[in-house]
Amino acid sequence: MLITAPRVIPAAGESQILAPGYVLVRDGLVAELGRRPPGSVPDVELTDGVLLPGLVDLQVNGYFGEELRTAGPGGWATVARRLPETGTTAFLPTFITAPVGELSASLRAAATIVAELPDGGARVLGVHVEGPFLAPERSGAHNKKWIIPPSPGAVDELITAGAGVLRLVTLAPERDGALAAIERLRRAGVLVSVGHSDATAGQVAAAADAGARMVTHLFNAQRPLHHREPGVVGQALTDRRLTSGLIADLRHVCAQACVIAFAAAPGRIAIVTDAAACAGMPPGSYLLGGEPIELPPGDGVPPVRADGTLAGSALRMDTGVANMVAAGIALPEAVAAASRIPADLVDRPDLGRIAPGAAADLAWLGDDLRTKATWIGGMRVYPPAGQRSSRSLAD
């Protein structure tokens with residue numbers, strides 16, 4: 001399949017736009033790309049917008065009315081099938097703090113569900129467990145009653161229950177036993193992220209020494225930057241070992257702070273949604289962590305707990321890219337932050353870029369940076385067969 005487009009953003013490590021550009025797909029992989037296509041007639045001719053790698057979201061609590069920790073196979077299938085509407089082709093379902101026994105049961109169920117998901121949806125790259133090893137004073141929307149220190153027994157229980165599916169754990173490195181937990185998780189092949197933490201910069205550096213490689217939702221639920229104690233934020237932005245997730249809805253983090261983050265840590269910012277079950281749904285009552293949240297009316301307004309605490313978001317990944325561009329981030333950098341950078345964090349160099357040998361996971365965004373079509377492994381999954389979003393889009 002030969003696709004041509006006015007602009008192609010490979011996101012393969014450099015700030016490059018191919019204008020015009022083409023991508024040749026063969027056997028589900030990118031075979032070739034460049035500025036001028038070979039002489040053959042394209043199979044898909046995109047007449048506007050931009051073609052870019054499928055987007056990769058490392059923090060999805062739920063979507064389309066489904067909370068993934070408690071959803072069954074049908075709920076997971078709905079989320080995976082519909083996320084390509086937002087340009088997302090791969091994601092980490094995220095379970096927030098709950099009793100360890102419940103998290104373990106959810107991880108075991110997830111392993112079975114993932115193995116049986118139907119083809120044609122966004123790839124599930126594993127599960128992100130956010131908690132329960134957090135700082136109570138930085139709990140955010142997490143239930144403090146369920147927050148515990150990372151004892152060896154609790155850590156091992158999650159590792160055992162999550163065999164084959166546990167990919168990312170967010171914890172507070174200042175908790176007793178946290179550094180040992182980071183080393184244990186790292187040995188088990190689990191990525192560790194610093195989050196919901198009141199750690200000093202030195203404690204975050206110690207976590208990176210132990211193997212942590214990420215910071216969860218930069219600026220939110222963590223010790224802020226101070227000119228004499230840089231805190232989690234300061235260490236995240238200056239420590240080249242750490243890549244930070246950033247909720248790019250311009251509500252969790254204002255535009256100026258987003259620009260500061262991209263400028264201070266180039267190549268180390270990963271756009272995430274932190275989407276809750278309310279994402280893609282009308283205003284109303286939903287669940288996060290098994291407890292109520294309310295999505296108020298208004299474009300881009302995040303859901304809240306009863307006390308007004310922000311509780312995830314209703315963000316789309318393509319909107320996150322558009323928000324960062326509107327804030328002043330160059331389009332190639334915003335695309336990389338939503339594709340290659342998160343893919344690399346979870347050791348998937350075959351995703352998040354348009355490069356020979358990479359999976360042909362592609363998203364076509366219009367000039368307004370809203371998703372018009374999505375391919376996974378070279379197969380168009382959005383819009384579904386029989387529907388067209390443009391006369392130039394081949395079935």
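Does Asp347 count as buried or exposed, and at what relative accessibility? At 56% relative accessibility, Asp347 counts as exposed; here buried means under 20% relative accessible area, exposed over 50%, and partly exposed in between (1.4 Å probe, protein chains only).

The structure is a predicted model, in which local features need pLDDT of at least 70 and side-chain atom pairs count only at pLDDT 80 or more, while totals for chains, interfaces and linings use all residues. Residues are numbered from 1 along each chain as its sequence is written, and side-chain values use heavy atoms, with hydrogens and water left out.

**Overall form**

The protein chain contains 10 helices and 21 strands; helices (H or I, at least four residues) and strands (E, at least two) are DSSP runs, numbered from the N terminus. Its C-alpha atoms fill a box of roughly 65 × 45 × 45 Å along the principal axes. Of the 395 residues in the protein chain, 59% are buried. Among contacts (heavy atoms within 4.5 Å) between residues at least 6 apart in sequence, 67% join residues at least 24 apart.

**Strands and their pairing**

Two strands pair if DSSP finds at least two bridges between them. An open sheet of 4 strands has the order E3-E2-E1-E4, with mixed pairing. Strand E3 (29-34) and strand E4 (44-45) are its edge strands, each pairing on one side only. Strand E2 (residues 21-26) runs antiparallel to E3, joined to it by 5 bridges, and Tyr22 stands opposite Gly34 in E3.

Elsewhere, strand E6 (residues 55-60) is mostly covered, with 6 of its 6 residues buried. E6 pairs with strand E9 (residues 88-96) in the parallel sense over 4 bridges; the bridge partner of Val56 in E9 is Ala90.

**Backbone features in loops**

Most residues other than glycine have a negative phi, and most peptide bonds are trans.

| Residue | Phi | Relative accessible area |
|---|---|---|
| Ala221 | near 60 degrees | 24%, partly exposed |
| Asp347 | about 55 degrees | 56%, exposed |

Ala221 has its place in the loop between strand E14 (214-215) and helix H6 (231-238). Asp347 is found in the loop between helix H10 (340-345) and strand E19 (362-365).

Cis peptide bonds also occur in loops. The bond from Ala19 to Pro20 is cis, with omega near -5 degrees, and Pro20 lies in the loop between strand E1 (2-5) and E2. Another cis bond joins Gly131 and Pro132, with omega about 5 degrees; Pro132 is in the loop between strand E11 (127-130) and helix H3 (152-161).
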